[in-house]
Amino acid sequence: MVRYAVVYLATLLVIGLLDALWLGVIAKSWYAQGMGDLLAPKINIYAAAAFYLLYPVGVVIFAVLPSGDQLGKAVLMGALFGLFCYGTYDMTNLAVVRNWPVGLSFLDIAWGMTVSAAGATAGLLASRWMNN
């Protein structure tokens, strides 16, 4: 049980830190420009907390654990998990939200794949560390 907690925490830490850097610094203006008035003036801390506590669970279950301790497989499975999750969000917005920016959707999906692959990598490395 401790092993799973460490794997989860490593995954959570990497995803959280990378996303904070991405959303708070690197891509902040891209999202603000693309989403305009759709962007809330303040973050809904409860929704954000729910996402950041739950999403790494999915990365662990669907990418880290099935990787069989193979780094390449963990990266691939993490990237695919990000593609499916972020793709579902962005493609749904493209389907139902007026003037949803197509370019921002593709950027967000690419980011989801990247951050999920990085989180899966961290989780796998934490798992290896726990096994030694």
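**Close-up 1. Where α3 meets α4.** In this predicted model, Phe51, Tyr55, Gly58, Val59, Phe62 and Ala63 of α3 touch Ala74, Met77, Gly78, Phe81, Gly82, Cys85 and Tyr86 of α4. Contact means heavy atoms within 4.5 Å. Helices are DSSP runs (H or I, at least four residues), numbered from the N terminus. The two axes lie 9 Å apart, and the packing angle is about 135°. That makes α3 oblique to α4. Angles under 35 degrees count as roughly parallel, over 145 as roughly antiparallel, 65 to 115 as roughly perpendicular, and the rest as oblique. Axes are lines fitted to C-alpha atoms, for helices over the stretch in contact; angles run from 0 to 180 degrees between N-to-C directions. The α3–α4 crossing is right-handed. A crossing is right-handed if the near helix is turned clockwise from the far one by less than a right angle, and left-handed if anticlockwise. The residues of this α3–α4 contact comprise 10 nonpolar, 3 polar and no charged. Ala, Val, Leu, Ile, Met, Phe, Trp, Tyr, Cys and Pro count as nonpolar; Asp, Glu, Lys and Arg as charged; the others, Gly among them, as polar.

**Close-up 2. Where α1 meets α5.** The axes of α1 and α5 come within 8 Å and cross at roughly 150°. The contact includes Val2, Val14 and Trp22 of α1, and Leu107, Trp111 and Asn131 of α5. By class, its residues are 16 nonpolar, 5 polar and 2 charged. The crossing of α1 and α5 is right-handed.

**Close-up 3. Where α2 meets α5.** Trp30, Tyr31, Gly34 and Met35 of α2 meet Leu104, Leu107 and Asp108 of α5. This contact has 5 nonpolar, 1 polar and 1 charged residues. The α2 and α5 axes are 9 Å apart, at an angle of about 145°. Their crossing is left-handed.

**Close-up 4. The largest pocket.** Its volume is about 1100 Å³. Of its 29 lining residues, the closest to the centre are Leu23, Leu39, Ile43, Ala48 and Tyr52. A pocket is an open set of points on a 1 Å grid over the protein atoms alone, where a 1.4 Å probe fits, with protein on both sides within 12 Å along at least five of seven lines; lining residues have an atom within 4 Å of a point. Grid points are joined across faces, edges and corners, and the volume is the space filled by probe spheres set on them. At least two lining residues come from each of α1 (2-26), α2 (28-35), α3 (45-64), α4 (71-96) and α5 (102-131). The lining has 21 nonpolar, 3 polar and 5 charged residues.

**Notes.** Residues are numbered from 1 along each chain as its sequence is written, and side-chain values use heavy atoms, leaving out hydrogens and water. In this predicted model, local features need pLDDT of at least 70 and side-chain atom pairs count only at pLDDT 80 or more, while totals for chains, interfaces and linings use all residues.
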